Protein chains: 2
Amino acid sequence: MTTPRLSFSRRLRKSPFEARSHAGATAASVYNHVVLPTAYASLEEDYWHLREHVQIWDVACQVQVEVQGPDALRLMEYLTPRDLSQIEPGQCMYAPLVDENAGIVNDPIILCLAPDRFWLSISDSDVLLWVKGLAAGAGFNVRVFDPDVFPVSIQGPKSDALLSRLIARPTADIRRFRFIEAEVAGTHLVIARTGWSGQGGFEFYLGDPAKGVELWDTIVAAATDLNLRPGCPNLIDRIETGLLSHGNDMTLLNNPIEAGLDRFFKMGKKADYLGRDALEQIARTGPSQRLVRLTVPGSGITNPRDTYPMAIAGGEQTGYVTSICYSPRMDCHVGLGYVPADCCTVGTPITLLTPVGKAEGQIADEHWRTEPNAK
Amino acid sequence: MTTPRLSFSRRLRKSPFEARSHAGATAASVYNHVVLPTAYASLEEDYWHLREHVQIWDVACQVQVEVQGPDALRLMEYLTPRDLSQIEPGQCMYAPLVDENAGIVNDPIILCLAPDRFWLSISDSDVLLWVKGLAAGAGFNVRVFDPDVFPVSIQGPKSDALLSRLIARPTADIRRFRFIEAEVAGTHLVIARTGWSGQGGFEFYLGDPAKGVELWDTIVAAATDLNLRPGCPNLIDRIETGLLSHGNDMTLLNNPIEAGLDRFFKMGKKADYLGRDALEQIARTGPSQRLVRLTVPGSGITNPRDTYPMAIAGGEQTGYVTSICYSPRMDCHVGLGYVPADCCTVGTPITLLTPVGKAEGQIADEHWRTEPNAK
C-alpha cells in the first residue's frame with residue numbers, strides 16, 4: 001500500500017513560509033491545522049546535518065494562543081500546575097496544561113510579553129478553544145484569541161553564528177528560554193532561544209504572515225557559508241534529547257507525573273489551578289505507570305503507527321512503546337514508552353512486540369545508560 | 001513542486017477502518033487528528049459513481065464528543081443558538097456551536113442517545129476541549145469525554161438497498177436525521193440516516209474499534225452486485241449540495257447568520273446560550289457579508305489553497321471565494337464565497353482572481369440559477 005499524498009484546502013491553514021518550506025519536502029503531516037514538513041533528505045541524513053550545521057524549520061504549525069487582560073496571569077496560572085508567579089516579560093516557560101482529571105491538554109511554551117499579556121506556543125490540540133471555554137465559563141476578564149503569529153526556527157550548532165548576522169545585539173544576550181524583540185528584514189520579530197531539538201537554536205515569531213517568504217530568504221541568504229538546509233523536527237534527535245511529543249508520548253489520558261513532566265514544576269504552588277485535587281492525589285499515591293527511556297539493540301524497528309506492546313522483565317504485556325527509532329550514533333534503537341510504576345528500574349529487560357517480530361531491550365536512564373546506578 | 005506524502009505516527013489517531021480504507025486512496029488529509037482519505041479514482045469519477053451507486057466512506061475522523069449527566073441538556077443548549085428543547089432519543093440535529101462573539105466553533109450533528117446523554121459528531125476542531133472548558137469553567141454537572149466511537153458511512157442512491165441486507169428492520173423505519181440501534185456483524189451500532197453527500201445514505205457509529213475491519217468487510221460483502229466502491233466526501237457533490245465545510249467555508253471568525261446557517265434555527269430560543277447577545281446584535285443590524293453560491297462558466301479553476309479574491313459587479317475586491325470546483329454535470333464551476341451583504345442579489349456579476357487568471361461569473365440561487373426571481 002503506498003502512502004497517500006496530502007491534499008490541501010483552506011481548512012489546512014497556510015504557513016507564511018510554505019512557498020519555501022514545501023519545496024524539497026518529501027513528507028508532511030498536519031499539526032494544529034497547519035501543514036508541517038516532516039522529511040527532506042532522509043531521517044538519518046537530516047539528523048547528522050542538524051547535529052553539525054544549522055537548519056531552517058517551518059514550524060508555523062506551532063501556533064499561538066494570546067491571553068490578554070486584567071485576569072491574564074490568574075488564568076494562565078489556572079491552566080497549569082507550574083508556578084508562573086515569578087514569570088517576567090522576556091521569559092519562556094515550558095508548562096503542561098491539565099484538565100480537571102490532571103490529564104495533559106497540551107504542553108506549550110508560555111511567552112510572557114507583558115505582565116498582562118501571554119502567548120501559549122502550542123503542541124497539537126486546539127488550546128484556543130480550551131482556554132476560551134474556561135475563560136467564558138468561569139468569567140475571567142481576558143481576551144483569548146489567535147494573534148496570527150507563526151514561528152520559523154533555526155536549529156543546530158551554527159545557530160548563534162547565523163543569528164549574529166541577522167541582529168545587531170550579541171546573541172549571548174538571549175539566554176536559554178528567554179526572548180528579545182528585534183527587526184530582521186524590516187520585520188518586527190520575537191526571537192527566543194528555544195526550539196524542538198537538542199542542538200540549540202532560536203525561534204523567530206513572525207506577526208506579519210505576508211513577510212514570511214522575505215524573512216525565510218533573508219535567513220537563507222545570511223547562511224551561504226554555513227551549509228544551511230531546510231529541515232524539520234527530527235525523530236532521532238528529539239527522542240535522544242528526551243523531548244516528548246503530545247499525541248505521541250502523552251495524551252489527555254496521561255498525567256504530567258506519569259509522563260515525567262513533573263520535573264518542570266514543584267507540587268503545591270500557591271495559585272489556584274484546575275486539576276489540583278486530581279494531581280495531588282496522584283502525587284500522594286504515585287502514578288500507576290511511568291514513561292521511561294528504552295534501548296533496543298539492532299536496527300529495523302520503525303516508529304509505531306499507534307503503540308507497540310511491551311512485556312516487562314519476561315512478564316506479561318503491561319507496557320507499550322509510544323515512540324522509537326534507530327539511532328545511527330548509538331547504533332541501537334532509542335525509544336520512549338510506559339511501564340508499570342513498580343517496574344521502571346534502569347536495566348530492567350523488556351520485550352517489544354513489533355511488526356517485524358519480538359525484540360529484546362532494556363530500560364535506560366536519561367543518558368541512555370542501562371547499568372543500574374551508573375555514574 | 002510535488003505534493004508531499006503524508007507521514008504517520010501515533011499522533012494521528014488510528015481509524016478502525018484504515019486497514020481497508022487506505023488501500024487505493026491516492027490522497028488524504030488530516031481531520032480531527034485522524035487521517036481522512038480524500039481521493040480514490042479521480043474527483044469526477046468518484047462523483048459520478050457516488051450519484052449512481054453506493055460508496056463506503058471511512059469517516060472515522062468525524063469523532064464524537066459525549067456529554068452525559070444531569071446538566072447535559074442544559075449544557076447542550078448553552079452551546080448553540082438552535083433550540084434543542086424538543087430533541088428526543090433517536091434524533092439527530094445539525095447545529096452550529098458558537099463562542100461568546102457568535103463565531104462558529106464547529107457545526108456538529110448532535111445525536112440524542114437519552115434525555116441526559118448526547119454525542120456531538122463533529123467537524124474539524126477540538127470540540128472536546130471547548131465543551132470540557134466551558135463545563136469546567138461554569139460548573140455544569142456533566143461528564144464530557146471522547147467515547148472512542150467512529151463512523152463509517154454508506155452514501156449514494158443504493159444505500160437503502162445495501163442497508164436492507166444488513167439489518168432486519170425496514171430501512172424506511174429510519175427517517176431522515178433519525179437513528180436506530182442495531183447489530184451488524186455481531187457488533188452493536190448506531191445507524192443514522194445522515195451523511196455528508198447530497199445522494200442519501202447512512203452513517204454507522206462503531207463503538208468497538210477492534211471490529212472495524214470486520215464491519216467494513218461485512219458491508220462490502222453485502223454489496224457484491226451493487227457496484228460499491230470505497231469513497232470519501234466529494235468536493236463536487238458537497239458544493240452542489242450546498243454543504244458547508246468548517247475551516248473552508250466558515251471559521252471561528254464567521255457567524256452563523258453570514259454563513260447562512262440561520263436557516264437551521266430560529267432566533268430567540270428560550271434556553272440560555274453563549275453568544276446570544278452577539279448573535280442578536282448581528283440579527284438586528286444584519287451581517288456585513290453573506291455566503292453565496294456562485295457559478296463561473298468554463299473549467300480549469302481548482303479549489304483554492306486559501307481563498308480567491310473576488311470583485312463584485314465590476315467594483316472593488318470586496319469578496320472572496322472559499323470553495324470552488326468544476327461541475328461536470330452543469331458544465332461550469334460551482335463555488336461558495338462571501339460578498340458584502342448589500343451585493344448578494346442573484347444574478348450579480350462577479351470577477352474572480354485565480355492563479356489561472358480572471359474569471360467572470362454570477363451569484364446564483366440555491367438551485368444554481370442566476371436569473372433573478374427565477375421560479
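Modeller: A:His33 sits in the loop between strand 2 and strand 3 of chain A; helices (H or I, at least four residues) and strands (E, at least two) are DSSP runs, numbered from the N terminus. The model is predicted, and for that reason local features need pLDDT of at least 70 and side-chain atom pairs count only at pLDDT 80 or more, whereas totals for chains, interfaces and linings use all residues. Residues are numbered from 1 along each chain as its sequence is written, and chains are lettered from A and ligands numbered from 1 in the order in which they are written.

The backbone of A:His33 has a phi near 65°, a positive value in a residue other than glycine. Most residues other than glycine have a negative phi. A:His33 is partly exposed because 18 other C-beta atoms lie within 10 Å; a residue is buried if 20 or more other C-beta atoms lie within 10 Å of its own, exposed if 12 or fewer, and partly exposed in between, with C-beta atoms placed from the backbone. In chain B, B:Trp368 also has a positive phi, of about 65°, although it is not a glycine. B:Trp368 belongs to the segment after strand 22 (357-364) of chain B, and it counts as partly exposed because it has 16 C-beta neighbours inside 10 Å. Strand 22 of chain B contains B:Gly357, which is exposed because 9 other C-beta atoms lie within 10 Å.

In all, 48 residues of chain A are in contact with 48 residues of chain B, contact being a distance within 7 Å between C-beta atoms placed from the backbone. Strand 2 (27-31) and strand 3 (34-39) of chain A, together with strand 1 (5-6) and helix 4 (127-138) of chain A, are the elements that give two or more residues to the side of chain A that touches chain B. Helix 4 of chain A provides the largest share of that side, 9 residues. By class, the side of chain A that touches chain B has 20 nonpolar, 17 polar and 11 charged residues; Ala, Val, Leu, Ile, Met, Phe, Trp, Tyr, Cys and Pro count as nonpolar, Asp, Glu, Lys and Arg as charged, and the others, Gly among them, as polar.

Strands pair if DSSP finds at least two bridges between them. In this pair, A:Ala28 has B:Leu6 as its bridge partner.

What is the angle at which helix 4 of chain A and helix 4 of chain B pack? The angle is about 25°, with the axes 7 Å apart; axes are lines fitted to C-alpha atoms, for helices over the stretch in contact, and angles run from 0 to 180 degrees between N-to-C directions. Helix 4 of chain A is therefore roughly parallel to helix 4 of chain B, given that angles under 35 degrees count as roughly parallel, over 145 as roughly antiparallel, 65 to 115 as roughly perpendicular and the rest as oblique. Among the residues that make the contact are A:Leu129, A:Trp130 and A:Lys132 of helix 4 of chain A and B:Leu129, B:Trp130 and B:Lys132 of helix 4 of chain B. The contact of the two helices has 12 nonpolar, 4 polar and 2 charged residues.

Elsewhere in chain A, an open sheet of 6 strands has the order 13-14-15-12-4-16, with mixed pairing. Strand 13 (179-184) and strand 16 (229-231) of chain A are at its edges, each with a single partner strand, so one side of each has no neighbour in the sheet. From one strand to the next, the twist averages 30°. Within the sheet, strand 12 (residues 150-155) and strand 15 (residues 201-206) of chain A pair in the antiparallel sense over 6 bridges, and A:Ile154 has A:Phe202 of strand 15 as its bridge partner. Helix 2 (residues 43-52) of chain A lies across strand 4 (55-58), strand 12 and strand 16 of chain A, at about 115° to strand 16.

Technical notes:
Two residues are in contact if their C-beta atoms, placed from the backbone, lie within 7 Å.
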